[in-house]
Amino acid sequence: MNEEQRMQAGLATEDAPKTTEKDYSKYFESVYSAPSLKDAKKRGKEEVEYHDNFQIDQRFKGMGNGRKFYIRTYGCQMNEHDTEVIAGIFMALGYESTDTVKDADVILLNTCAIRENAENKVFGELGHLKALKRERPDLLIGVCGCMSQEESVVNKILKTYDQVDMIFGTHNIHRLPHILHEAYMSKEMVIEVWSKEGDVIEDLPKVRHGKIKAWVNIMYGCDKFCTYCIVPYTRGKERSRRPDDIIQEVRQLAAEGYKEITLLGQNVNAYGKDFEDITYRLGDLMDDLRLIDIPRIRFTTSHPRDFDDHLIEVLAKGGNLVDHIHLPVQSGSSDMLKIMARKYTREHYLNLVDKIRTAIPNASLTTDIIVGFPNETDEQFEETMSLYREVGFDMAFTYIYSPREGTPAAKMIDNVPMEVKKERLQRLNKLVNDMSAEAMKPYQGQVVKVLVEGESKRNPDVLAGYTEKSKLVNFKAPRSVIGEIVEVRITEAKTWSLDGEYIGVAKEEKVMA
Ligand code: SAH
Ligand code: SF4
Ligand code: F3S
């Protein structure tokens with residue numbers, strides 16, 4: 001890559017150019033690039049490019065001096081973590097963060113496109129911001145995240161939300177300094193959304209939320225193209241970070257005192273599939289990471305199709321690899337799974353659960369379920385209910401199917417009335433609640449290990465944290481144990497949480513070698 005290409009890509013150049021503002025305009029001619037779902041669908045053979053050593057270009061340093069930024073995040077952990085990177089870039093530019101919209105000089109909405117109601121929330125929020133922009137025309141309002149990857153959203157914003165100053169995509173986060181600069185200089189809405197991207201940018205600055213738990217990306221994108229899902233279009237092709245970069249990041253977090261790491265990817269079981277020079281998959285990564293002195297390591301989200309035996313074998317070694325697996329099933333009907341293009345059957349899923357339970361007898365399993373997929377029959381829905389009982393999930397996120405423009409399912413004719421979908425969701429949720437309460441009962445009187453995160457949201461006199469199996473525990477204890485792993489005796493098991501009595505800080509947990 002030559003200097004000019006590095007500059008175009010938003011990467012630090014060898015030597016920051018010393019020309020005047022005006023001379024940079026040529027680099028900004030490319031700043032208007034709109035998304036295309038058609039391009040986003042393509043999966044090319046071209047190699048993933050890895051860019052190390054991201055640095056803020058000298059000419060942008062100090063851009064944020066005396067200015068404050070505010071980011072509102074919607075959607076999944078991936079988006080939450082992107083917000084940490086965006087905040088890192090803002091801070092590196094000299095901005096300060098604020099929790100108050102009114103104090104902000106730049107407001108960003110980091111959006112989610114997974115269901116229609118997620119998008120509606122964002123449009124509602126943009127509506128509210130209009131008045132603020134009218135009061136303070138120098139305020140910058142930006143939209144980023146998954147919604148900005150959708151053509152229809154960008155067109156709608158262009159047409160009806162002229163309070164928005166900039167839109168940038170999930171592949172353009174590292175370009176934020178350029179985009180901000182352009183937004184300050186230009187009267188037009190700045191749009192930079194790359195649809196077909198497959199690069200991995202390392203060494204981006206991050207401002208992590210808290211000092212106890214941290215997210216670490218292991219891969220980006222998704223190639224599964226489940227027929228209902230927008231993610232493969234908004235996040236690009238599957239590409240894995242190099243093992244050394246991940247291991248280094250986790251070591252660093254361990255050294256900084258973090259207690260729990262969650263490895264992130266849309267489909268973490270596909271980790272390493274794209275490496276051409278090495279054979280190294282999620283099982284290998286977990287086997288290396290478990291040697292790092294950090295108490296808990298989790299990952300999300302798993303896809304049942306690529307969940308291989310080696311990974312199960314490694315997870316069974318326990319230690320700091322937690323025995324909670326989130327394994328989205330979506331439906332218990334093989335026919336539904338087929339039209340969803342999940343590429344596994346009910347039997348395959350049950351067989352996988354068996355294998356996991358044989359190797360890790362105490363494993364807690366949670367899942368995601370969609371009800372009311374086009375033409376789902378009562379019988380097919382009953383198969384979801386029976387699978388839920390058969391597996392004995394601890395918890396589930398349940399959703400009514402939401403058509404996403406551009407996906408194959410959105411074109412399917414649907415004969416299931418909304419009333420029926422809602423009724424199915426209610427029945428499923430009742431089962432989910434009942435089974436969660438069942439899963440909680442055995443904890444009564446038991447001693448559990450809790451990573452203390454802080455005050456309970458409901459009562460500041462009570463502390464709250466999670467067990468390895470992700471059960472919320474509330475108890476009274478001195479605030480000095482926040483950030484520690486403590487022992488708590490459970491006095492009351494509720495449907496979604498456990499109450500208990502504090503015993504003391506857990507003895508040093510030995511990481512297995
Ligand atoms: N990569 C993850 C899922 C990410 S999206 C996986 O495959 O497991 C999180 C959940 O949102 C999905 O598991 C699915 O249950 C739900 N979801 C995705 N698209 C949806 C849609 N169009 N309508 C309703 N729910 C959807
Ligand atoms: Fe969406 Fe399927 Fe990819 Fe998950 S695996 S992100 S549900 S396409
Ligand atoms: Fe939403 Fe994008 Fe995550 S669509 S769920 S924010 S990957």
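A residue is counted as near a ligand if one of its heavy atoms lies within 4 Å of that ligand. In this predicted model, ligand 3 is surrounded by Cys76, Asn79, Cys112, Ala113, Ile114, Cys146, Arg235 and Gln266. By class, this shell consists of five nonpolar, two polar and one charged residues. Around ligand 2 stand Cys222, Lys224, Phe225, Cys226, Tyr228, Cys229, Val231, Pro232, Gln266, His303 and Arg342. The shell of ligand 2 divides into seven nonpolar, two polar and two charged residues. Gln266 is listed in the surroundings of ligand 3 and also in those of ligand 2.

An open sheet is formed by three strands in the order E9-E12-E13, with parallel pairing. Strand E9 (213-217) and E13 each have a single partner strand and stand at the edges, so one side of each lacks a neighbour in the sheet. On average, and with direction ignored, neighbouring strands of this sheet are turned by 25 degrees against each other. E9 is joined to strand E12 (residues 260-264) by five bridges, and the two strands run parallel. Within this pairing, Ala214 has Ile261 of E12 as its bridge partner.

Helix H4 (residues 77-92) lies across E9, E12 and E13, and its direction is at about 95 degrees to E9. Helix H10 (residues 282-289) packs on the sheet and touches E12 and E13. The direction of H10 makes about 160 degrees with that of E13.

The structure contains one cavity of 30 Å³ or more. The volume of the largest cavity is about 40 Å³. Its lining is made up of Met286, Ile297, Arg298, Phe299, Leu315, Val322 and His324. Strand E13 (residues 296-300) supplies the largest share of this lining, namely three residues. By class, the lining of the largest cavity comprises five nonpolar residues, one polar residue and one charged residue. The edge strand E13 therefore takes part both in the open sheet and in the lining of the largest cavity.

The second largest pocket holds about 680 Å³ of space. It is lined by 43 residues, of which His171, Asp199, Val200, Ile201 and Arg239 are the closest to its centre. Two or more residues of the lining are given by each of H4, strand E8 (200-201) and E9. The contribution of H4, four residues, is the most that any element makes to this lining. The lining of the second largest pocket divides into 14 nonpolar, 12 polar and 17 charged residues.

Phe475 stands opposite Gly500 of E21. Strand E20 (residues 485-493) is linked to E21 by seven bridges, and here the strands run antiparallel. In E21, Leu498 is the residue opposite Ala493. E20 and E21 form a hairpin, with three residues between the two strands.

How values were computed:
Residues numbered from 1 in each chain as written. Chains lettered and ligands numbered in written order. Predicted model: local features only at pLDDT ≥ 70, side-chain atom pairs only at ≥ 80, totals over all residues. Heavy atoms only, no water. 1 Å grid on protein atoms, 1.4 Å probe; cavity = no way out; pocket = protein on both sides within 12 Å on 5 of 7 lines; lining within 4 Å. Points joined across faces, edges and corners; volume = space filled by probe spheres on them. Nonpolar A, V, L, I, M, F, W, Y, C, P; charged D, E, K, R; others polar. Pairing = 2+ DSSP bridges. Axes fitted to C-alpha atoms, helices over the stretch in contact; angles between N-to-C directions. Contact = heavy atoms within 4.5 Å.
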